[in-house]
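Dear colleague,

Here is the structure I promised to pass on to you.

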Amino acid sequence: MTQVGAIDLTKVSSGLLESFSPLYGVFSLPYLFESEERFYQVMDNPDIMGQVYRSTESQGFAGVGWYDSGARSFYMTRGPINTVADLRGKKIRVMQSETSIETMKLLGASPIAMGQAEVYTSLQQGIIDGAENNEFALTIARHGEVAKFYSYDMHTRIPDIVIMSTLTKRKLTPDQLVALKEAITESVEVEKQAWKVEMEKTRELAQTQFGVQFNTVELAPFKAAVQPIYDKLKNKPQIYALYQQINQLTNE
C-alpha cells in the first residue's frame, strides 16, 4: 500500500526490507556493532544511511528515518544459552532473512522462518526450542510465559525503518520536505529515550511477572563461529562496500 501511495508513511523492520534491497542486509550481519553507541553513530550518519534509504526508490518507497529496536538475543524454553554448543541442533525461529538463517546455521542451530504470530504456540508445543528477539517479545507477545531463559549475546541490532511512498514524497514542496526531515529527526531522539525507559520496565516485568532468567555470554566464540559470513562478504559487492564504510566509521 505504501508502494502505490495508499499509505504515506509506515514503520517496518529492516530485516524484512532485505528482500527489497540487499543493502538492508548489512543490519543482519552478526555482531556487527560492538555497542549501542557505535550503532547510533552509524544510523545517524547521512552518508551511510542516505544510500540505504534511496536504494528502494525505484520500488515505490524510500527510507526517511529510523527507530531503535534494540538488540536481538536468544530466548529458550529448556535452559539458557551459555556457549555455542548449547545451540547445537536447537530449532530457532528467525525472520525471513537470508543472513539471519545463515547465522543460525553457523552457530549450529536449525533456523525456522515463521511469522511472529506463530511463535508463542510453536514455543509452547515444542515445534521450536527458542527464538531471537529483543526483550519486548517476552512481555508484549507474552513469550516469557513459555520461554524462561533469555541469553544476552546481542547478535544483531536490526533497526526499524520509517519508509515513505515516493508518490507522496513527490507531492511535497521544498519547505514541506525540510519540515518532514526536522520532524523525523526529532522523533528519532524521542524514540531512543522512550525505548531505554520502556526497556528497563520490560526487563523488570519479565523477571517479576513472567519469571524469566537473564544471563550474558562470552562473545568471542560466537563471533568466531560466524566468521564465514564475513569471509564471503566480498562476493556481495554492494553489502561489502557498505560494511567497509561502517567498519571505518566505527573504528575511527
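The largest cavity is lined by Phe27, Leu29, Leu32, Phe33, Met154, His155, Thr156 and Arg157, where a cavity is a set of points on a 1 Å grid over the protein atoms alone at which a 1.4 Å probe fits but cannot get out, and a lining residue has an atom within 4 Å of a point. Please bear in mind that this is a predicted model, in which local features need pLDDT of at least 70 and side-chain atom pairs count only at pLDDT 80 or more, while totals for chains, interfaces and linings use all residues. Residues are numbered from 1 along each chain as its sequence is written, and side-chain values use heavy atoms, with hydrogens and water left out.

The volume of this largest cavity is about 40 Å³, a volume being the space filled by probe spheres set on the points, which are joined across faces, edges and corners. Its lining divides into five nonpolar residues, two polar and one charged, with Ala, Val, Leu, Ile, Met, Phe, Trp, Tyr, Cys and Pro counted as nonpolar, Asp, Glu, Lys and Arg as charged, and the others, Gly among them, as polar.

The second largest cavity, of about 30 Å³, is lined by Ser28, Ser100, Thr103, Met104, Glu132, His155 and Thr156; here the division is one nonpolar, five polar and one charged. Helix H4 (98–106) gives the most to this lining, with three residues (helices, H or I of at least four residues, and strands, E of at least two, are DSSP runs numbered from the N terminus).

Turning to the rings, a search of the whole structure finds twelve aromatic pairs, meaning rings of Phe, Tyr and Trp (its six-membered ring) with centres within 6.5 Å, called stacked if the planes are under 30 degrees apart, edge-to-face if over 60 and tilted for the rest. One of them, phenylalanine 136 with tryptophan 195, is edge-to-face, at 4.9 Å centre to centre and 80 degrees between the planes. Because phenylalanine 136 lies in helix H6 (residues 136–139) and tryptophan 195 in helix H8 (residues 174–208), the pair ties together parts that are 59 residues apart in sequence. Phenylalanine 136 counts as buried at 14% relative accessibility, as does tryptophan 195 at 13% (buried means under 20% relative accessible area, with a 1.4 Å probe and protein chains only).

Ring pairs also link Phe33, Phe39, Tyr40 and Trp66 into a cluster.

With best wishes

Technical notes:
Buried means under 20% relative accessible area, exposed over 50%, partly exposed in between (1.4 Å probe, protein chains only). On a 1 Å grid over the protein atoms alone, a cavity is a set of points where a 1.4 Å probe fits but cannot get out, and a pocket is an open set with protein on both sides within 12 Å along at least five of seven lines; lining residues have an atom within 4 Å of a point.
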